[in-house]
Amino acid sequence: MQRAELCEAKNFREADDRLLTAGQPTEEQLASAAVDGVQVVINLALHDDPRYSLQDERGSVEGCGMIYVHIPVQFATPTEANLLAFFDAMDVYRDRRILVHCAANYRVTAFVGLYRVARQGWSSGEAFDLMRTVWEPNEVWTNFIAAMLEKHGNS
């Protein structure tokens, strides 16, 4: 039987050698990620919709020996608190190989872009290149990104 590869997850992207992003992976894809050296899984999706979540993602991730961080972000109402929790998690695990996912890799690529500007000093144009390969944000996310860049863009 062929191994389920993480790269087969919806909208999978390898941002760099330590950061992978994707839509919701399967349990088999999470196991594959662990074999491939992923040490931390950060989930920005909710756990209450079986179409877009696993029954016990924490158990699956931790059962593979990885660290699990869950920051549930409502797609229609992302918050600054969500973003700051993401920044903190990325900072804590910055020296590890990380998979960040949500349902479709929309929330993730927006948050990664904001992280790159606010914490890594990237230009906003370059920081959001990854996001533009996955989606064009709707009005809610365009406004959220603009507000967070205004508030955190030069920190």
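Author: Start with R119. This residue is partly exposed, at a relative accessible area of 37%. The model is a predicted one. In it, R119 forms a salt bridge with D91, and the closest N and O atoms are 2.2 Å apart. D91 belongs to helix 3 (residues 80-92) and R119 to helix 4, so this pair ties together parts that are 28 residues apart in sequence.

A search of the whole structure finds four salt bridges. Another of them joins the side chains of R58 and E62, at 3.2 Å from N to O. Both residues sit in helix 2 (residues 57-63). They are four residues apart, about one turn of the helix. R58 has a relative accessible area of 38%, so it counts as partly exposed. E62 is partly exposed too, at 41% relative accessibility.

D129 and R132 also form a salt bridge, with 2.8 Å between the closest N and O atoms. Their setting is helix 6 (residues 129-132). Because they are three residues apart there, about one helical turn separates them. D129 is partly exposed, with a relative accessible area of 41%. R132 is partly exposed as well, at 40% relative accessibility.

Now back to helix 4, which spans residues 106-120. Helix 4 gives the largest pocket the largest share of its lining, four residues. The space in that pocket comes to about 190 Å³. Its lining includes D16, R18, L19, M90, R94 and R96. I98, V112, Y115, R116, Q120 and W122 line the pocket too. By class, the lining residues divide into six nonpolar, one polar and five charged.

Strand 2 has two partners to follow here. Strand 1 (residues 13-14) runs antiparallel to strand 2, and two bridges join them. E14 has L20 as its bridge partner in strand 2. The link from strand 1 to strand 2 is a hairpin of four residues. With strand 5 (residues 98-101), strand 2 pairs in the parallel sense, over four bridges. There T21 stands opposite V100.

Technical notes
Residues are numbered from 1 along each chain as its sequence is written. This is a predicted model: local features need pLDDT of at least 70, side-chain atom pairs count only at pLDDT 80 or more; totals for chains, interfaces and linings use all residues. Side-chain values use heavy atoms; hydrogens and water are left out. Two strands pair if DSSP finds at least two bridges between them. On a 1 Å grid over the protein atoms alone, a cavity is a set of points where a 1.4 Å probe fits but cannot get out, and a pocket is an open set with protein on both sides within 12 Å along at least five of seven lines; lining residues have an atom within 4 Å of a point. Grid points are joined across faces, edges and corners, and a volume is the space filled by probe spheres set on the points. Ala, Val, Leu, Ile, Met, Phe, Trp, Tyr, Cys and Pro count as nonpolar, Asp, Glu, Lys and Arg as charged, and the others, Gly among them, as polar. Buried means under 20% relative accessible area, exposed over 50%, partly exposed in between (1.4 Å probe, protein chains only).
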